[in-house]
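Biologist: Please put the model on screen, and then we can go through its packing and charged pairs.

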Amino acid sequence: MRRRHHHHHLPLLACLLVLASAAASPAKAKPPSASAVAPAIAVDFVRRSCRSTRYPRVCESTLVPCAPTVGRSPRRLARAALVVGADRAHNCSAYIRAGKGAMEDCAELARDAEERLRRSAAEMERMGRAGTPRFAWSLANVQTWASAALTDTDTCLDSLAQARGKVDGGAVKRRVVAVAEATSNALALVNRLDPAPHRLLL
């Protein structure tokens, strides 16, 4: 039971990464300063944004701690969500570590999901201004990679289901579901950045 407490550190790490990346970004690419937004307004922004996700409670619990660094920036919020998903994927693969069959498959899929989500978070820093070709290209990349990470979690869950009775996958399944929920939420928040009328559906 005590192992679950480690998850509480993940949102804080995601927030710190968002803050660090914002400080390192070129001035022309920066959204309005989060420090200029009142804390209550920032928290309200995160909660309202989480309503558009499939797992709003998970969204709030992981991203409300990021409100001071997010401010009212949809881009910073989406990036924080991607980092949360990547951190959960890392936690999942580290938990499994050694194993054969379905467990080995899930560990590899979790590592793939983490790599795709971290690549997506990094791509968010190179998006440029909304409405530019660069923005559209980067956004499409992030949507593709985050969708692939979500597929990784589905494949892992299918593998565990097929191996039922052969492996004790209960604890692993809970961690994979945590990755899937965080990734689904991140993709929903990324899709909100898309100005196109037809967005990717979850």
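**Burial, helix packing and salt bridges**

Modeller: Asp 152 has a relative accessibility of 8% and counts as buried. This is a predicted model.

Biologist: Which residues does Asp 152 touch, not counting residues up to four places away in sequence?

Modeller: Asp 152 is placed in helix 7. With residues up to four places away in sequence left out, the residues that Asp 152 touches are Leu 109, Asp 112, Ala 113 and Arg 116.

Biologist: How many helices and how many strands does the chain have?

Modeller: From the N terminus on, the elements run α-α-α-α-α-α-α-α. The count is therefore eight helices and zero strands.

Biologist: What share of the contacts between residues at least 6 apart in sequence joins residues at least 24 apart?

Modeller: The chain has 202 residues, of which 48% count as buried. Among its contacts between residues at least 6 apart in sequence, the share that joins residues at least 24 apart is 74%.

Biologist: Is helix 5 roughly parallel or roughly antiparallel to helix 8?

Modeller: Helix 5 (residues 74-96) packs against helix 8 (residues 170-191) at an angle of about 165°, and their axes are 8 Å apart. Angles over 145 degrees count as roughly antiparallel. Helix 5 is therefore, relative to helix 8, roughly antiparallel.

Biologist: By class, which residues make up the contact of helix 5 with helix 8?

Modeller: Helix 5 passes helix 8 in a left-handed crossing. The helix 5 side includes Leu 77, Ala 81, Gly 85, Arg 88 and Asn 91, and the helix 8 side includes Val 172, Arg 175, Val 179 and Leu 189. By class, the contact of helix 5 with helix 8 has 18 nonpolar, two polar and two charged residues.

Biologist: How many residues apart are Glu 125 and Arg 79?

Modeller: A search of the whole structure finds nine salt bridges. One of them pairs Glu 125 with Arg 79, with the closest N and O atoms 3.1 Å apart. Glu 125 is in the loop between helix 6 (102-124) and helix 7 (133-162), while Arg 79 is in helix 5, so this pair links distant parts of the chain, and the separation is 46 residues.

Biologist: Which parts does the salt bridge between Arg 118 and Asp 87 tie together?

Modeller: The closest N and O atoms of Arg 118 and Asp 87 are 2.8 Å apart. The two are 31 residues apart in sequence, with Arg 118 in helix 6 and Asp 87 in helix 5, so the parts tied together are helix 6 and helix 5.

Biologist: Is Asp 87 buried or exposed?

Modeller: Arg 118 is partly exposed, with a relative accessible area of 32%. Asp 87 has 9% relative accessibility, and so it counts as buried.

Biologist: Which residues do salt bridges that share partners join into one network?

Modeller: Glu 114 and Arg 118 also meet in a salt bridge, at 2.9 Å from N to O. Both lie in helix 6, four residues apart, about one turn of the helix. Glu 114 is buried, with a relative accessible area of 14%. The network formed by shared partners joins Asp 87, Glu 114 and Arg 118.

Technical notes:
Residues are numbered from 1 along each chain as its sequence is written. This is a predicted model: local features need pLDDT of at least 70, side-chain atom pairs count only at pLDDT 80 or more; totals for chains, interfaces and linings use all residues. Side-chain values use heavy atoms; hydrogens and water are left out. Axes are lines fitted to C-alpha atoms, for helices over the stretch in contact, and angles run from 0 to 180 degrees between N-to-C directions. Angles under 35 degrees count as roughly parallel, over 145 as roughly antiparallel, 65 to 115 as roughly perpendicular and the rest as oblique. A crossing is left-handed if the near helix is turned anticlockwise from the far one by less than a right angle, and right-handed if clockwise. Contact means heavy atoms within 4.5 Å. Ala, Val, Leu, Ile, Met, Phe, Trp, Tyr, Cys and Pro count as nonpolar, Asp, Glu, Lys and Arg as charged, and the others, Gly among them, as polar. A salt bridge is a side-chain nitrogen of Lys or Arg within 4 Å of a carboxyl oxygen of Asp or Glu. Buried means under 20% relative accessible area, exposed over 50%, partly exposed in between (1.4 Å probe, protein chains only).
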